[in-house]
Amino acid sequence: MKFRWLRKKSSESPKKDGSLKDLYSRFPDYSALTPEDEDKFDDLLTELFIDYFGRVSTLRRHEVLASWNYDFPKAILEWAVSQADTDIATAQMVYWRMEPESVRDCEVEEDLPIVETVEHRIGQGFYQDNGWAYDPRNDYGNNAVKNNTENTPEEFYPAELLKTRTGRHINGIQTNDAIPEELYPAYVRLVLALGLEDYYL
């Protein structure tokens with residue numbers, strides 16, 4: 001699958017002024033698809049989200065990922081943590097929510113690239129820093145560090161991954177099963193075109 005790499009956006013959240021509605025009216029209508037194409041769903045959903053994340057602000061990217069459905073194709077997260085304009089708090093949040101100790105212990109093939117990418121890049125100044133807060137020891141009450149150091153010593157993790165970031169708290173947004181409202185019409189078109197509404201709507 002080929003991804004379209006799109007230019008970076010600012011870290012400002014999109015305004016509800018109709019601009020997003022106009023933007024997403026240009027997404028595919030999927031009219032050429034039939035239920036016989038249902039095996040393409042994961043690839044098409046991945047392309048849709050990558051296109052979306054490439055168009056919106058890095059703040060919106062964080063807001064959506066804060067409400068993420070980790071059953072979605074992992075290629076979406078792999079793309080997100082591979083972008084230099086992704087915020088360091090976003091990458092850190094995704095990393096700990098992936099439950100990295102389990103990923104390594106179970107050698108989860110589709111999850112390993114996400115975990116390893118963040119581990120390798122977070123201490124190199126790769127991600128941008130907008131001053132957003134994230135505490136891996138208190139992610140909505142979950143101590144991800146404690147949960148992931150049962151068999152892996154805490155010293156294993158890069159210092160930047162263990163760091164508590166102070167600053168602006170960015171909450172998740174209201175979604176339809178982790179699909180942001182401005183993307184939902186395109187998602188519905190995709191699901192209906194493939195005849196998968198009993199599973200995904």
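Let me begin with terms: an axis here is a line fitted to C-alpha atoms, for helices over the stretch in contact, and angles run from 0 to 180 degrees between N-to-C directions. Helices (H or I, at least four residues) and strands (E, at least two) are DSSP runs, numbered from the N terminus. This is a predicted model, in which local features need pLDDT of at least 70 and side-chain atom pairs pLDDT 80 or more, while totals for chains, interfaces and linings use all residues. Residues are numbered from 1 along each chain as its sequence is written, and side-chain values use heavy atoms, with hydrogens and water left out.

Helix α2, residues 41-55, and helix α3, residues 58-65, have axes that come within 7 Å and cross at roughly 135°. That makes α2 oblique to α3, since angles under 35 degrees count as roughly parallel, over 145 as roughly antiparallel, 65 to 115 as roughly perpendicular and the rest as oblique. Phe49, Tyr52 and Phe53 of α2 meet Arg60, Arg61, Val64 and Leu65 of α3, contact meaning heavy atoms within 4.5 Å.

Finally, Asp139 lies in the loop between α7 (112-121) and α8 (144-147). Asp139 counts as buried, at 10% relative accessibility. Leaving aside residues up to four places away in sequence, Asp139 touches Met93, Arg97 and Tyr134.

Conventions. Buried means under 20% relative accessible area, exposed over 50%, partly exposed in between (1.4 Å probe, protein chains only).
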